[in-house]
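I opened a notebook page for this structure and decided to look up a few things in turn. The entries below follow the order in which I looked.

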Protein chains: 2
Amino acid sequence: MPLVSIDEIRIAAKNVSGVAVRTPLLPALWAGGTLALKPECLQVIGAFKIRGAYHALTTLSHEERSRGVIASSSGNHAQAMAYAARAYGAPATIVIPEGAAHGKVVATEALGARVVRVPPARRDLAAAELAQEHGLSLIPPYEDARVIAGQGTVGLEIVEDDPAVDVVLVPVSGGGLIAGVAAAVKALRPQAKVIGVEPELAADTTESVRRGERVTWTPEQTYRTIADGLRTTSPGALPWEHIQAYVDGMVTVSEQEIRDAMRLIALGSRIVAEPSGAVATAAHLFHSAELPPGRRVAVVSGGNVDPALLAEVLSGRPV
Amino acid sequence: MPLVSIDEIRIAAKNVSGVAVRTPLLPALWAGGTLALKPECLQVIGAFKIRGAYHALTTLSHEERSRGVIASSSGNHAQAMAYAARAYGAPATIVIPEGAAHGKVVATEALGARVVRVPPARRDLAAAELAQEHGLSLIPPYEDARVIAGQGTVGLEIVEDDPAVDVVLVPVSGGGLIAGVAAAVKALRPQAKVIGVEPELAADTTESVRRGERVTWTPEQTYRTIADGLRTTSPGALPWEHIQAYVDGMVTVSEQEIRDAMRLIALGSRIVAEPSGAVATAAHLFHSAELPPGRRVAVVSGGNVDPALLAEVLSGRPV
């Protein structure tokens with residue numbers, strides 16, 4: 001499969017302009033060293049996912065959008081798709097696995113999408129069947145060049161705003177974000193290092209990189225982490241191609257480090273990071289010696305967090 | 001005294017570029033109606049004050065900066081001045097009243113400023129004496145055209161980013177922020193309404209507007225509010241000239257409304273507002289009927305909040 005090009009990412013940047021917030025880099029003086037945060041938690045739906053979803057919809061024909069779009073997601077991609085479809089006046093169907101948080105169903109429906117609930121094991125199959133049956137365009141959360149190009153606009157903006165950036169730290173789940181960011185950063189500033197970050201408890205991509213081949217963890221393993229956005233059990237095939245081509249290393253962080261980073265991000269930079277959104281900053285804070293030196297940017301990928309968890313983390317109460 | 005002009009605000013915008021974060025407008029879908037937040041809590045020192053402080057330093061001569069600058073503040077202006085002075089390599093002296101939170105002293109000293117502690121009643125006099133004695137340039141927090149021009153860049157950016165804005169909601173303490181914002185907004189979009197917001201418990205400017213003359217509350221009155229950045233007991237003289245010329249109305253909010261707004265801002269827009277920073281959003285949320293209709297922008301002026309208070313507010317625990 002061809003890798004996503006910087007030209008596709010530039011087109012995506014034009015497409016998402018005015019829909020995705022042009023997030024600024026926030027210098028994090030409190031973090032020591034030279035760190036800036038890329039606060040994707042400031043997007044309307046609370047995460048970078050709006051970039052890939054909206055760009056993907058833009059590449060569809062008017063007729064395709066009129067028939068409708070479908071996605072399978074229990075997380076931020078669901079709301080991103082619902083929001084992007086509503087912006088286009090396109091009907092959206094979101095397949096959400098049974099057992100997902102009720103709040104996510106409500107939030108997705110509030111954006112005008114039809115939610116179909118299926119047993120977790122059937123989610124991808126159900127989405128494919130519904131797509132076929134009703135002529136809907138399926139937009140996967142990361143196994144898709146259009147989505148990767150959209151997420152890559154995060155990397156484009158980072159280099160635009162700090163042309164001297166040395167290290168870009170990116171949370172990794174299915175790998176769509178780091179694939180796009182790495183494609184952009186390596187095209188625009190090849191000497192910059194792109195480092196993926198995972199929880200220790202969901203380190204499937206870290207292990208994949210170490211072995212040189214995609215490995216799959218079990219949901220029983222990855223669901224142990226508090227970082228609910230990073231529980232995917234293996235990197236996607238297309239993201240994996242980009243990771244092999246462009247990513248310079250992987251770092252893992254502990255559950256306590258994730259909580260500590262959430263607290264420090266909220267108090268130091270005045271933004272709310274969800275656990276998944278805090279891992280890249282945690283890598284800078286607690287694993288600096290494992291990282292290349294220089295001007296670092298950490299992507300805060302999202303901020304959709306349960307209020308009780310956020311309050312607990314802020315109060316510094318033990319788990 | 002002449003009012004600050006849009007030309008001065010444009011010059012200030014050039015000066016603060018690259019030092020102040022160019023904060024985006026964040027659409028707040030969760031807030032009902034059409035509201036966007038201007039998140040000044042994202043500034044490096046956590047508040048808009050960096051704009052006025054840095055612009056004021058820029059207008060000094062090299063020699064004046066070399067002799068040093070001085071300010072009297074127990075709040076965000078102290079850190080803004082310390083940060084701006086450090087950026088210029090200028091020595092900074094900050095007069096902080098005894099009794100101010102220890103954390104603010106530490107934060108100001110961490111930015112390289114010399115802190116002088118004096119009894120609260122002597123703070124302004126002490127600053128003036130030290131300025132005279134040592135040839136330091138005094139930069140007041142709001143009673144200063146340079147500072148007002150710097151704060152006005154917030155208004156300039158709001159109209160740049162939403163040329164169709166109808167209502168701009170601004171927290172009011174000494175009045176430097178609303179003076180600058182109103183000067184910019186009325187120059188660029190005269191039909192837009194600029195509304196000041198205060199806590200009910202520190203509504204000195206609201207009462208001043210109602211009476212048509214500056215009134216002064218007592219510290220015993222204004223110190224009742226949780227919004228510690230809005231406890232100034234009367235609008236400044238120069239800000240008051242701008243308020244009379246440009247501001248279309250005032251709204252007050254309750255202590256509980258401030259807390260509720262802090263919680264909703266954190267969860268809905270993923271930013272941390274300090275109590276003072278939440279009042280403008282609280283006006284939209286809880287006093288919408290008192291406000292002009294249309295596209296509203298609420299300035300979230302700062303996000304420097306005690307972690308325990310933030311945790312308490314997030315958990316929704318009663319006071």
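Before looking at the sheet I noted what pairing means here: two strands pair if DSSP finds at least two bridges between them. I also noted that the model is a predicted one.

**Entry 1, the sheet.** I looked up how the strands of chain A are arranged, and I found an open sheet of 4 strands in the order β5-β4-β3-β6 (chain A), with parallel pairing. The edges are taken by β5 (114-118) and β6 (137-138) of chain A, and each has a single partner strand, so one side of each is left without a neighbour in the sheet. I then followed one pair and saw that strand β4 (residues 92-97) of chain A is joined to β5(A) in the parallel sense over 5 bridges. Within this part of the sheet, A:Thr93 stands opposite A:Arg114 in β5(A).

I asked myself which helix lies across β3 (69-72), β4, β5 and β6 of chain A. I found helix α6 (residues 123-134) of chain A there, and it runs at about 170° to β3(A).

I turned to helix α12 (residues 255-269) and helix α14 (residues 307-314) of chain A, which pack at an angle of about 85° with their axes 9 Å apart. Angles of 65 to 115 degrees count as roughly perpendicular, and α12(A) and α14(A) are therefore roughly perpendicular to each other. Among the residues that make the contact are A:Met262 and A:Leu267 of α12(A), and A:Leu310 and A:Val313 of α14(A). By class, I noted 7 nonpolar, no polar and 3 charged residues in the contact of α12(A) with α14(A).

I looked up A:His77, which is found in helix α4 (residues 76-88) of chain A. Buried means under 20% relative accessible area, and A:His77, with 2%, is therefore buried. Leaving aside its neighbours within four places in sequence, A:His77 has contacts that include A:Lys49, A:Ser72 and A:Pro140. I then went to A:Val159 in helix α7 (residues 145-161) of chain A, and A:Val159 is also buried, with a relative accessible area of 8%. With the neighbours within four places in sequence again left aside, A:Val159 is in contact with A:Val165, A:Val185, A:Leu188 and A:Arg189.

I finally compared the copies, and a rotation of 180° with 0.0 Å of shift along its axis superposes chain A on chain B, with an RMSD of 0.0 Å. The two copies are thus related as by a two-fold rotation axis. The same surface serves both copies, since 100% of the contact residues of chain A recur in chain B.

Note on methods: Residues numbered from 1 in each chain as written. Chains lettered and ligands numbered in written order. Predicted model: local features only at pLDDT ≥ 70, side-chain atom pairs only at ≥ 80, totals over all residues. Heavy atoms only, no water. Helix = DSSP H or I, 4+ residues; strand = E, 2+ residues; numbered from the N terminus. Contact = heavy atoms within 4.5 Å. Axes fitted to C-alpha atoms, helices over the stretch in contact; angles between N-to-C directions. Parallel < 35°, antiparallel > 145°, perpendicular 65-115°, else oblique. Nonpolar A, V, L, I, M, F, W, Y, C, P; charged D, E, K, R; others polar. Least-squares fit on C-alpha atoms with pLDDT ≥ 70 in both. Buried < 20%, exposed > 50% of the residue type's maximum accessible area, 1.4 Å probe, protein only.
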